[in-house]
Amino acid sequence: MCQISYVKSTFGLASRSERPIRRKALPPRTEKMDVDQDWPSVYPVAAPFKPSAVPLPVRMGYPVKKGVPMAKEGNLELLKIPNFLHLTPVAIKRHCEALKDFCTEWPAALDSDEKCEKHFPIEIDTADYVSSGPSVRNPKARVVTLRVKLSSLNLDNHAKKKLIKLVGERYCKTTDVLSITTDRCPLKRQNYDYALYLLTVLYHESWKTEEWEKNKTEADMEEYVWENSSSEKNVLQTLLQIRAADSSGAPSREELLGTKEVEDYQKCVVRLKNEGENEESLAQYKESVKRLLNLECSLN
Amino acid sequence: MTAKTMLTGVTRLSSRIQKLDPRCFLHGSAQAAQSNPVPAEHPRVISRTSDSDPAKHGEQHEGKYYSIPIQDLKTVFPHGLPPRFRMQVKTFGEACLMVRKPALELLGYLKNTKFSHPAVRYLLYGEKGTGKTLSLCHAVHFCAKHDWLVLHIPDAHLWVKNCRELLQSTYNKQRFDQPLEASTWLKNFKTTNKHFLSQIKVQEKYVWNRRESTEKGSPLGEVVEQGITRVRNATDAVGIVLKELRNQSSTGLFHLLVAVDGVNALWGRSTLKREDRTLIAPEELALVHSLRKMVKNDWHGGAIVLSLSQTGSLFKSRTAYLPHELLGKEGFDALDPFLPILTSNYNPKEFESSFQYYLENNWLQHEKAATEEGKKELKFLSNCNPGQLERLCASL
């Protein structure tokens with residue numbers, strides 16, 4: 001047996017002295033790094049994570065029981081994830097400085113957000129993509145988003161409501177911004193033209209009034225309108241009956257509508273319906289009904 | 001004097017003896033003497049008050065329990081009290097309601113009702129278990145004591161769900177009758193308002209079928225009898241009763257109180273189906289239709305007290321308690337203008353009072369329940385919600 005093994009070990013490289021001498025591992029570069037060194041020169045481009053070149057004591061991985069996450073040396077998890085060690089603020093500042101030569105000046109007159117809003121109400125968002133590969137084309141680059149505030153458009157009440165109904169989901173009520181996103185054409189420029197065309201068409205259409213718009217029912221209304229509502233009818237009927245019972249004359253509808261209690265009641269009902277119910281709007285409603293119907297509470 | 005010497009005893013036993021004595025000897029003036037020195041020495045006794053007439057209840061009675069006499073219970077509330085409360089009444093042998101602010105407010109308005117004006121609608125709303133139904137019962141008791149005619153529908157939800165028999169209405173082909181529910185309600189109505197039924201006369205002739213008819217001028221009791229005996233016509237009988245009462249309350253012969261619990265059932269959805277398994281809308285039920293006409297304020301001579309209820313409602317979220325959420329747009333518009341009254345959880349004084357009441361009745365059997373910590377724990381667990389507190393104490 002030992003004969004055979006002896007023969008095998010002499011087959012490839014022979015004795016210890018013939019094998020290339022293996023150097024001892026040097027201490028990692030991190031130990032020689034200063035605190036205020038120039039980091040962009042350590043990572044000038046996107047590079048994988050090198051544990052010996054990154055001086056941070058990073059740990060990553062799921063720990064075993066009563067253990068800690070694995071250290072950075074030989075950690076595959078840290079290699080798998082993308083790192084942005086080449087894009088620290090210092091590095092980006094240097095990029096900006098280099099790019100400055102290719103830029104024009106920001107106009108001095110546009111020094112606040114309101115002025116930008118006022119002179120340039122429409123904002124266009126596009127995205128460009130670069131990648132290393134045989135082709136510069138990227139299908140994602142054709143998406144164009146057009147954002148505009150409706151307050152900067154010249155719309156009257158009816159036009160605004162019609163426009164909001166036409167665009168549907170694309171309007172955000174809290175910020176009053178209409179955003180149209182187009183990507184149906186193959187080129188960015190075509191999409192941009194289409195978005196502008198859509199805006200023009202929406203604007204002009206909302207100003208027109210069609211015949212069938214006369215059939216707008218109460219269910220279509222965006223907010224509660226008190227005139228001609230059932231609430232108004234009920235209140236007037238009740239008040240007329242009260243007046244008739246008191247035999248204090250039969251006032252006309254307009255007179256009743258003009259009284260302070262009815263106006264107050266109208267405001268409360270509109271508030272309740274439009275803003276939704278909560279304790280204080282209900283309390284206000286209660287007070288106004290009390291005043292309207294002259295109810296008193298007698299506690300002993 | 002005797003009242004005061006009895007109260008100087010420290011043990012709970014003395015307060016029990018006081019409770020068992022007939023109410024009559026603690027009348028109004030003694031009650032004033034009772035409430036003043038007591039809070040200093042014996043906080044246990046302030047949970048009760050002796051005035052069993054809701055008319056005399058005022059702010060000083062707030063937080064105290066008053067008991068409803070047993071004979072009143074049978075006539076005024078044959079079907080009005082909630083099921084858990086009825087069990088409590090049976091266990092304790094007495095029916096005690098706490099006097100609380102929403103009920104006091106409602107009674108204040110009811111006392112000032114102008115009978116020539118159209119009926120005002122009061123809506124009790126609040127979270128689950130805060131006392132809407134019992135406040136309604138308090139108001140019903142008050143009106144019954146003052147000789148109003150009480151039209152009490154204990155739970156309108158019962159009329160839109162779980163109905164065994166649905167017949168096509170004889171009066172109007174589009175609508176549906178519910179003979180069982182109508183006849184039970186008529187029986188209870190008869191118990192409550194017996195003395196009125198002979199006084200009120202019908203103003204039209206009603207023909208039930210080929211052989212039976214009710215002549216003009218006959219007492220309303222006959223219509224009710226007809227409804228109870230001939231169950232097929234019960235729904236129509238209910239409709240007639242409501243119509244007659246509505247028309248005649250304006251004459252001033254009697255004051256009418258319409259009390260409906262769970263009024264959101266009238267405008268909600270129902271789970272009843274026709275033979276071809278399509279859903280029925282509530283307005284196609286004759287009972288609901290007549291009740292809706294009743295809660296409109298086009299009549300005068302009384303008041304309408306309503307309460308919302310999520311507990312029996314169909315297709316409504318458990319957390320819904322505001323009028324719009326439970327009534328829907330249609331219901332709110334139909335009831336508008338109404339006076340909303342909010343019921344809320346117990347305030348500390350009311351909680352104290354409720355706790356004392358349970359202790360006095362030996363309802364809390366747990367040894368730690370009577371201590372301060374036990375009280376704090378109950379307060380925390382129930383968040384001073386009356387319904388929740390009752391449920392917690394039931395298991396102690």
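Predicted model: local features only at pLDDT ≥ 70, side-chain atom pairs only at ≥ 80, totals over all residues.

Biologist: What does the side chain of B:Asn193 reach?

Modeller: That side chain gets to the backbone oxygen of B:Val150, at 2.8 Å.

Biologist: And where is B:Asn193 found in chain B?

Modeller: Look at the loop between helix 9 (179-192) and helix 10 (194-197) of chain B; B:Asn193 is there.

Biologist: Is B:Asn193 buried or exposed, and why?

Modeller: B:Asn193 counts as buried because its relative accessibility is 2%, and the cut-off for buried is under 20%.

Biologist: OK, new topic. How many cavities of 30 Å³ or more does a search of the whole structure find?

Modeller: Eight of them. The largest cavity holds about 140 Å³ of space.

Biologist: Which residues are closest to the centre of the largest cavity?

Modeller: 18 residues line that cavity, and the closest to its centre are A:Leu293, A:Leu295, B:His117, B:Pro118 and B:Val120.

Biologist: Which helix and which strand each supply at least two residues of that lining?

Modeller: Helix 8 (230-246) of chain A and strand 3 (120-126) of chain B. Strand 3 of chain B gives the largest share, with three residues.

Biologist: Last one: how do the lining residues of the largest cavity divide into nonpolar, polar and charged?

Modeller: Nine are nonpolar, seven are polar and two are charged.

Conventions. Residues numbered from 1 in each chain as written. Chains lettered and ligands numbered in written order. Heavy atoms only, no water. 1 Å grid on protein atoms, 1.4 Å probe; cavity = no way out; pocket = protein on both sides within 12 Å on 5 of 7 lines; lining within 4 Å. Points joined across faces, edges and corners; volume = space filled by probe spheres on them. Helix = DSSP H or I, 4+ residues; strand = E, 2+ residues; numbered from the N terminus. Nonpolar A, V, L, I, M, F, W, Y, C, P; charged D, E, K, R; others polar. Buried < 20%, exposed > 50% of the residue type's maximum accessible area, 1.4 Å probe, protein only. Polar contact = N/O pair within 3.5 Å; in protein donor to acceptor, adjacent residues only side chain to side chain.
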